[in-house]
Amino acid sequence: MPNTVLMGAQWGDEGKGKVIDVLTAQADVVVRYQGGSNAGHTVVAEGRKYVLHLIPSGILHEGKQCVIGNGVVMDPFDLMTEIGMLRGHGIDPDGRLFISDRTHMVMAWHRALDKADEARRAESKKIGTTGRGIGPAYGAKMGRTGFRVGDLLDPRFPGRVREETALANETLAAWGAPLLDVDATVADYRSVAEALRPYVADTVLFVNEADRAGKRILLEGAQGTMLDIDFGTYPFVTSSNPTAGGACTGSGLSPRRIGRVVGVIKCYTTRVGAGPFPTELHDATGELLRQKGGEFGATTGRPRRCGWFDAVIGRYAAMVNGVDFWAMTKLDVLDEMPVIKICTAYRRDDGVVYETFPSDLAALERCEPVYEEMPGWMEPTSHITRYEDLPEKARAYVERLVALIGGRLGILSVGPARETTLLVELGI
Ligand code: GDP
Ligand code: IMO
Ligand code: MG
């Protein structure tokens, strides 16, 4: 396996966790490169369901090494909870989980500010964040006032925590939000620093030495292309680069060492949180997708908005990520759909047609999706193990999607469990 970036092509929750788990069988090292515990990556293995927020989804494979890269923003308390969850299931991350000393931490006040900021905004201005402190943590990183994992052991750390907590309290007070207890916050970080210490490493060196030694590296993206701070539906986005470029800046691996990009894309579209969604369905069909697809947030439990497949987004994601192979997921969710629509372009009220995603949200508001229809296959697909055995109409649907967005079909997923994965083509 060449070093592989795996990223989401839509608004997150495409099934990245499941596909990472499957591809980990061919990898030696799995690296999370951005986002934080806003992510919820589900893996269903041996009858158990695991939801991972920070630790790479490869951790369930014994012996595989997992890295939380420098591009991630990590809440140490969330990490400890996740390590505890894994241990509870008999999975020991010790000795094979490494956290970059350059990774920025989501601090208690980032979380408080994230929630308070959402609460004070007018309805039309709310982003619908996960409340995990992501925006403020990346803001501090870019503003050069952030706290890195390596700082935990610095003797000046408690003093800085005290200062920043007090400063955040001024803002929280102005916003009418509950204040943080300064002494308790300082004490909390002192205790978590010790717990974290065994996992901290120079992972930039670690990843590059692994690469030099011929180990196969799998880079795990969180969120998705349309939530990217640069390429997504700004400002209704997350504060990092989930797109393939983020894999290099978030891990320290050179772009020259990436051999393959796998894009994960659902056979329909979902979004959680606010912001534009051209193919959203507000009717019974949308509700059917939500129920059949179990479209409720893995992190927040919020119902996800659902709609038809959007090839404009797929084509745009193919372009900005350079997708070689698609991992298409959740085909089975469409098993009972008599007619399936595909959005092939957007048409603006003055006749202008968009084939890739416009940057101007005002222009997007004036657009209507252009649809084509395909007949559904109306039979179950979850039991099928070979692509050739799928109903002809299901293959026709998948092949139409690939033809519209470009690239090749690598993986087709027809259920949540590991076994319900059809490996179509994965070479390079
Ligand atoms: P991620 O954030 O991209 O890792 O995706 P999530 O885990 O948030 O959401 C994907 C959901 O769909 C999870 O509940 C998965 O178990 C489930 N899932 C993944 N692939 C398939 C599939 O092919 N069919 C069905 N029915 N469910 C799937
Ligand atoms: P995974 O990795 C889906 C969304 C939030 C909100 C916006 C900003 O599981 O695909 P944030 O908390 O990041 O500041 O919220 O981004 N969002 C996600 N939506 N899947 C995710 O992660 C998401 N992570 C953030 O709902 O709209
Ligand atoms: Mg998710």
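1. V333 lies in the loop that runs between β15 (325–329) and β16 (339–348), and in this predicted model the residue counts as buried, because its relative accessible area is 6% and the cut-off for burial is under 20%. Once its neighbours within four places in sequence are set aside, V333 is in contact with Y268, L289, K292 and G293. V333 and V414 are 81 residues apart in sequence, yet their C-alpha atoms are 8.0 Å apart in space.

2. Leaving out neighbours within four places in sequence, the contacts of K141 are with N70, G71, H104 and G146. From K141 to S191 the separation is 50 residues in sequence and 23 Å in space, taken from C-alpha to C-alpha.

3. Which residues coordinate the magnesium ion (ligand 3)? The donors are D13, through OD, and G40, through O, at 2.0 to 2.2 Å. This pair links distant parts of the chain, since D13 sits in the loop between β1 (4–8) and α1 (16–24), whereas G40 sits in the loop between β2 (29–32) and β3 (41–45), and the two are 27 residues apart. D13 is partly exposed, with a relative accessible area of 22%, while G40 is buried, with a relative accessible area of 12%. Water is not among the atoms, so a metal site may look incomplete, and I would ask the reader to bear this in mind here.

4. Helix α3 (residues 108–120) packs with helix α5 (residues 157–174) at an angle of about 10°, and their axes are 10 Å apart. The two helices therefore count as roughly parallel, because angles under 35 degrees are classed in that way. On the α3 side the contact is made by W109, A112, L113 and A116, and on the α5 side by V161, E164, T165, A168, T171 and L172. Sorted by class, this contact of α3 with α5 comprises 7 nonpolar, 2 polar and 1 charged residues.

5. The peptide bond from Y234 to P235 is cis, with omega near 5°, and P235 has its place in the loop between β10 (217–220) and α8 (245–249). Q223, which is found in the loop between β10 and α8, has a positive phi of about 55° although it is not a glycine. E46 likewise is not a glycine and has a positive phi, of about 45°, in the loop between β3 and β4 (48–52). Are these two residues, Q223 and E46, buried or exposed? Q223 is buried, with a relative accessible area of 8%, whereas E46 counts as exposed, at 73% relative accessibility.

6. As for the protein as a whole, it has 12 helices and 20 strands. Its radius of gyration is 21 Å, close to the 22 Å that the globule rule gives for 428 residues, so the protein is as compact as a globular protein of that length. Along the principal axes, the C-alpha trace spans about 65 × 50 × 40 Å. Of the 428 residues, 57% count as buried. Among contacts with a separation of 6 or more, residues 24 or more positions apart account for 75%.

Conventions: Residues numbered from 1 in each chain as written. Chains lettered and ligands numbered in written order. Predicted model: local features only at pLDDT ≥ 70, side-chain atom pairs only at ≥ 80, totals over all residues. Heavy atoms only, no water. Axes fitted to C-alpha atoms, helices over the stretch in contact; angles between N-to-C directions. Helix = DSSP H or I, 4+ residues; strand = E, 2+ residues; numbered from the N terminus. Parallel < 35°, antiparallel > 145°, perpendicular 65-115°, else oblique. Contact = heavy atoms within 4.5 Å. Nonpolar A, V, L, I, M, F, W, Y, C, P; charged D, E, K, R; others polar. Donors = N, O, S within 2.8 Å, 3.2 Å for Na, K, Ca; no water. Buried < 20%, exposed > 50% of the residue type's maximum accessible area, 1.4 Å probe, protein only. Rg over C-alpha atoms; globule rule 2.2 N^0.38 Å.
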